[in-house]
Amino acid sequence: MKREPPFKPHPTRPGEFLCNLAGSILIAGDAAYGDPAETTPEGQAVSRAFIERFLKEAAAHGFRQADTLHALLRRNQSSARIINLATDAMNCIPMELRKRIIEEEFNTKCVPMDAPLAPDYPSDALRPGPDGVDPRFWAAGDEIERVRAEHGEEAIHRPEYGHLFAELRRYAPPALQKQMSDKARELGLLPEATHVNANGRPVYSLEQVAAKLGTSVQELERLTMEHADELEALGGLHTGPVHPLQ
């Protein structure tokens, strides 16, 4: 039986890639069991929970090598075998359940090849390298580390380096993006969501953000002008239709 690759080029958008559930598991494996300096304990926990659910669902639907796949994920070494096993495990899971797992575990529309969804992260964000992660994510992180090493911890908080953090967020793997959003909510950094965009992602008005931060709408408008490049790197301000939460 022919296996679908976990990542493959978008059929109509050059330079973009589609990612199925097997690809998401490979990304989660790297976040959960890769270099601990490249994620957080929370990110590792989110990724491990996702992997455990995926393996449990696959085993419940007939996949017999869940323990082997888990061991390979923990080893965190890319190989044809781990890709094939992840794909075989995915294929055991019914289509509707695959969609539900993606929606419930990621809260980002990482586009499955077998059931395309409109992405609510930048359309060019997922351009996997050999490890399944957009190389621009690693490049931004490496540059931040270089600035820290050469100029000290305080230097990375200067405005001229803000674009590096924007790129780190923009090109992060879906599991890490979810972890960042969850942490922001946990710390009370985001207003209560009242509206979503067409993809179901929460959006906030300037009034909501200003009230949360204890500032004025005028000050936020000034900052959006001053940091237009960083905002654009994050995908820009939402200007499309919004829908109230039911």
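1. In this predicted model, strands S4, S3 and S5 form, in that order, an open sheet of 3 strands whose pairing is antiparallel. Strand S4 (202-203) and strand S5 (243-244) are the edge strands, each having a single partner strand, so one side of each is left without a neighbour in the sheet.

2. Within that sheet, strand S3 (residues 195-196) runs antiparallel to S4 and is joined to S4 by 2 bridges; in one of the pairings, His195 has Val203 of S4 as its bridge partner.

3. Turning to helix packing, the axes of helix H1 (residues 21-33) and helix H2 (residues 41-60) come within 8 Å and cross at roughly 140°, which makes H1 oblique to H2. The crossing of these two helices, H1 and H2, is left-handed. On the H1 side the contact is made by Leu21, Ser24, Ile25, Ala28, Gly29, Ala31, Ala32 and Tyr33, while H2 contributes Gln44, Ser47, Arg48, Phe50, Ile51 and Phe54. Sorted by class, the residues in the contact of H1 with H2 comprise 9 nonpolar, 4 polar and 1 charged.

4. As to confidence, the chain has an average pLDDT of 75, and 75% of the residues score at least 70. Among the elements of the chain, the highest mean pLDDT, 91, belongs to helix H4 (residues 80-92), and the lowest, 58, to helix H11 (residues 228-233).

5. One stretch calls for caution: over residues 108-126 pLDDT stays under 50, although the model has 63 contacts beyond four places in sequence for these residues. Where pLDDT is low, the predicted coordinates should not be read in detail.

Definitions and conventions: Residues are numbered from 1 along each chain as its sequence is written. This is a predicted model: local features need pLDDT of at least 70, side-chain atom pairs count only at pLDDT 80 or more; totals for chains, interfaces and linings use all residues. Side-chain values use heavy atoms; hydrogens and water are left out. Axes are lines fitted to C-alpha atoms, for helices over the stretch in contact, and angles run from 0 to 180 degrees between N-to-C directions. Helices (H or I, at least four residues) and strands (E, at least two) are DSSP runs, numbered from the N terminus. Angles under 35 degrees count as roughly parallel, over 145 as roughly antiparallel, 65 to 115 as roughly perpendicular and the rest as oblique. A crossing is left-handed if the near helix is turned anticlockwise from the far one by less than a right angle, and right-handed if clockwise. Contact means heavy atoms within 4.5 Å. Ala, Val, Leu, Ile, Met, Phe, Trp, Tyr, Cys and Pro count as nonpolar, Asp, Glu, Lys and Arg as charged, and the others, Gly among them, as polar. pLDDT is the predictor's confidence in each residue, from 0 to 100. Two strands pair if DSSP finds at least two bridges between them.
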